[in-house]
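This report describes a ligand site and a sheet. Please examine the sequence and the structure shown below before reading on.

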Amino acid sequence: MSVEAPIYSENSLPVNIQEHLRTEQRMHPEATGALTSILTDLSRVAKSVSYLVNTAGLCDSYGQTGRVNIQGESVIKLDARANEQFKQILKSNPNVAGYASEEEDTFVPFNKDNRGKYIVWFDPLDGSSNFDTNVSIGSIFSIYQRKSPESRLVEIDDFLQKGEEQVCAGYFLYGTSTMFVYTTGHGVFGFTLDPSVGEFVLPNGYSEIKTPEIGKIYSVNEANINKWDQGVVRYINDLKTRADNPCSARYVGSLVADFHRNLLKGGVYLYPRDSKNPNGKLRLNCELNPLAFIAEQAGGMATDGHNRIMEIEPRELHQRNQVVIGSKNEVELFEKYLS
Ligand code: P6P
């Protein structure tokens, strides 16, 4: 049976990413088009990564590179390839002055005549350890205006800004379909890749994504329960056993997949600190801040149990943090259990 192209209404095609960004630009006169060009470039690479993820079983993308990154994680070929592709396209964009990534030991200045006013943080392929079992994985990015003068190369402080300084954040989810979700602080929008035309389109028209205030899902690796603070244990037990709206457990082990499902259906993802990860496992700059920006723009919350994630002052590039992120009601409850 042939796979039919999506059926669009006769008189109008769905909004694609370029049209959407042009409309957004018209709605915000301060926009210069620089972010539009960066997002357009990122969506182009994401299509290539999506193809590689979806055809990995047919070629040798599963292989290991034999390298271990600064996180102490073994690097598969597609990690390295996704990182290189995102880095190269940003290097070619005149608006971008530098790049930092989970896969890079330190930040990467782009030596260009006109250095550009933005820097970009990336987790190029999060959850890639799930990749060879066909589990959804994702790419996460965060865009800041540089603080250093454009006459100079970027400096480390350009990459150690609080999450509330972000001008844009988003992720690509390579799942049953490939999605692109982003915010520039004016709401959250989710695009779906239409492989029949190779474009990201807004299937539901211009609708913003809002997350339910009360969640019914919790996502955590309960194998770590004996390493958690007691307040966390009591919190999880409350979510399971509360009389009204007890939660279900859903944990893919791939942050973008778990986050995206909870964003749409309502719920929380948490990675508490434990005896093995005394500051939590997830990275503040390339994972938590971008997802916190999206969660808050969708009406949710993101904290470390005491502080709003986007107000944490980063001290180092690959800083890790405890996190609970998602529906407002369950994030506030976590803070009560830790107070
Ligand atoms: P654990 C993947 O390595 C990742 O960074 C996230 O995508 C995922 O949520 C988490 O780690 C899984 O960690 O310790 O539960 O296997």
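## Composition of the ligand shell

For the classes used here, Ala, Val, Leu, Ile, Met, Phe, Trp, Tyr, Cys and Pro count as nonpolar, Asp, Glu, Lys and Arg as charged, and the others, Gly among them, as polar. The model is a predicted one. Under this scheme, the shell around the ligand comprises 5 nonpolar, 4 polar and 4 charged residues.

In total, 13 residues surround the ligand. Asp126, Tyr251, Leu255, Tyr269 and Tyr271 are the closest of them.

## Polar contacts and burial

An N or O atom in the side chain of Tyr251 lies 2.6 Å from an oxygen atom of the ligand. For Tyr271, the distance between a polar side-chain atom and an oxygen atom of the ligand is 2.6 Å, and for Tyr269 the corresponding distance is 2.8 Å.

The ligand taken alone exposes 400 Å², of which the protein buries 83%. Its location is the largest pocket.

## The open sheet

The model also contains an open sheet of 8 strands with mixed pairing. The strand order is β4-β3-β5-β6-β7-β8-β9-β10.

Terms used: Residues are numbered from 1 along each chain as its sequence is written. This is a predicted model: local features need pLDDT of at least 70, side-chain atom pairs count only at pLDDT 80 or more; totals for chains, interfaces and linings use all residues. Side-chain values use heavy atoms; hydrogens and water are left out. A residue is near a molecule or strand if one of its heavy atoms lies within 4 Å of it. A polar contact is a pair of N or O atoms within 3.5 Å; within protein, one must be able to donate a hydrogen and the other to accept it, and residues adjacent in sequence count only if both atoms are side-chain atoms. Accessible areas come from the Shrake-Rupley method with a 1.4 Å probe; for residues, only the protein chains shown count as cover. On a 1 Å grid over the protein atoms alone, a cavity is a set of points where a 1.4 Å probe fits but cannot get out, and a pocket is an open set with protein on both sides within 12 Å along at least five of seven lines; lining residues have an atom within 4 Å of a point. A molecule sits in a cavity or pocket if more than half of its atoms lie within 2 Å of its grid points. Two strands pair if DSSP finds at least two bridges between them. Helices (H or I, at least four residues) and strands (E, at least two) are DSSP runs, numbered from the N terminus.
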